[in-house]
Amino acid sequence: MHIILIFTVFAALLSFFATQVLLNILRHSAFLDYPNNRSSHAIPTPRGGGIAVIATITVTAISWEICFGKTNGNLSIMLCTTIALSVISFINDLSNLTASLRLIAHGIAVMVGLWSLGGRGAFGAYLPQIADLTLSAIAWIWFINLYNFMDGIDGIVAGETAFLGFGIESLAYLGLAPTSLVSLSVAIFGTSLGFLMWNWHQAKIFLGDSGSIPLGFMIGYLLIATAKLGGPALVASLILPLVFVVDSSLTLLRRVIQGNKMTAAHREHAYQLATQAGWSHDSVCLIVLATNCILMVLSWGVLLINPLFSLFLGMIVALGCFFFLLKIGTRAQRTA
């Protein structure tokens with residue numbers, strides 16, 4: 001337990017100072033995110049903080065492996081793939097790559113990730129390999145993109161990433177996740193805390209695609225590696241990310257029903273509508289955090305009560321958060 005605390009603090013401090021250095025570089029280079037009609041910020045803000053985040057996670061995870069004298073081939077593959085994905089996403093931050101090119105990059109990363117997991121995905125305990133890999137790949141690619149979609153207000157993705165990193169740590173402690181995931185989850189948790197010091201409202205720096213895309217990839221890896229164990233572990237891995245999954249999925253469904261293009265940029269997520277209605281970024285993030293805390297308890301509860309009942313309760317909680325934020329936003333629109 002002490003070593004976990006030490007590495008968490010190490011990652012947080014390294015992330016904080018690496019982000020500070022990067023922030024100065026981005027400001028000097030005028031690499032800024034300028035507000036537009038889809039933005040939730042009012043002043044030009046440096047983006048590209050994902051460079052510091054991914055670098056810190058990589059250094060921390062490798063340092064953990066060196067400290068314990070271990071060589072984890074799967075982790076090395078994951079980190080190399082994550083770095084490559086971050087570089088491609090940073091290029092997108094600079095020049096807006098086409099959606100098809102980005103999707104191809106995500107697909108290749110997911111294929112490498114599934115290969116590193118031994119050619120089995122989240123549903124390997126229950127489905128034939130081809131069905132398992134197909135469903136896992138689709139879910140993973142969707143998760144990468146929804147992570148990017150949810151990066152719309154200060155602190156929400158960094159806060160969610162910290163929560164999910166800690167969540168996987170806790171599941172490993174309870175025997176619901178492989179202990180081999182601890183180094184990466186600790187690195188993600190600590191790094192996210194350090195970055196939040198700069199990204200909490202009023203944010204001084206944004207993650208950019210160079211952060212949200214590879215973070216979605218890494219969190220997806222942790223969740224699928226946990227789900228592979230089957231039974232309660234599969235259910236726990238489904239419960240933890242429900243806030244992001246529900247908001248993104250239902251928002252996409254609403255837009256499709258309304259006849260909007262799936263790939264068109266927008267500000268119609270429930271959390272975005274709530275901030276447009278006058279709620280502060282801090283308040284919305286704290287509501288999401290409170291919901292996540294309930295979901296974490298429910299993920300632990302799969303050991304005590306029927307796992308499917310825990311999942312049902314988790315869905316109710318996540319839907320409650322979504323419709324609460326949506327009601328705030330839509331009510332403000334009707335009265336405007």
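N148 touches D209, S212 and I213, leaving out residues up to four places away in sequence. Contact here means heavy atoms within 4.5 Å. This is a predicted model, where local features need pLDDT of at least 70, side-chain atom pairs count only at pLDDT 80 or more, and totals for chains, interfaces and linings use all residues. Residues are numbered from 1 along each chain as its sequence is written, and side-chain values use heavy atoms, with hydrogens and water left out.

Why start with N148? UniProt, in an unreviewed entry, lists N148 and D209 under "binding site". Such annotations may be inferred rather than shown by experiment, and the positions follow the numbering used here. The two are spread over 62 residues of sequence, yet they cluster in space, with a largest C-alpha distance of 6.8 Å.

Now, where do they sit? N148 is in helix α5, residues 129-149. D209 is in helix α8, residues 209-227. Helices are DSSP runs (H or I, at least four residues), numbered from the N terminus.

Buried or partly exposed? N148 is partly exposed, at 21% relative accessible area. D209 is buried, at 16%. The cut-offs: buried is under 20%, exposed is over 50%, partly exposed is in between, with a 1.4 Å probe and protein chains only.

On to D209. Beyond its neighbours within four places in sequence, D209 contacts S89, N92, D93, N148 and P214. With N92 there is a side-chain to side-chain polar contact, at 2.5 Å. A polar contact is a pair of N or O atoms within 3.5 Å; within protein, one must be able to donate a hydrogen and the other to accept it, and residues adjacent in sequence count only if both atoms are side-chain atoms.

Conventions: Helix = DSSP H or I, 4+ residues; strand = E, 2+ residues; numbered from the N terminus.
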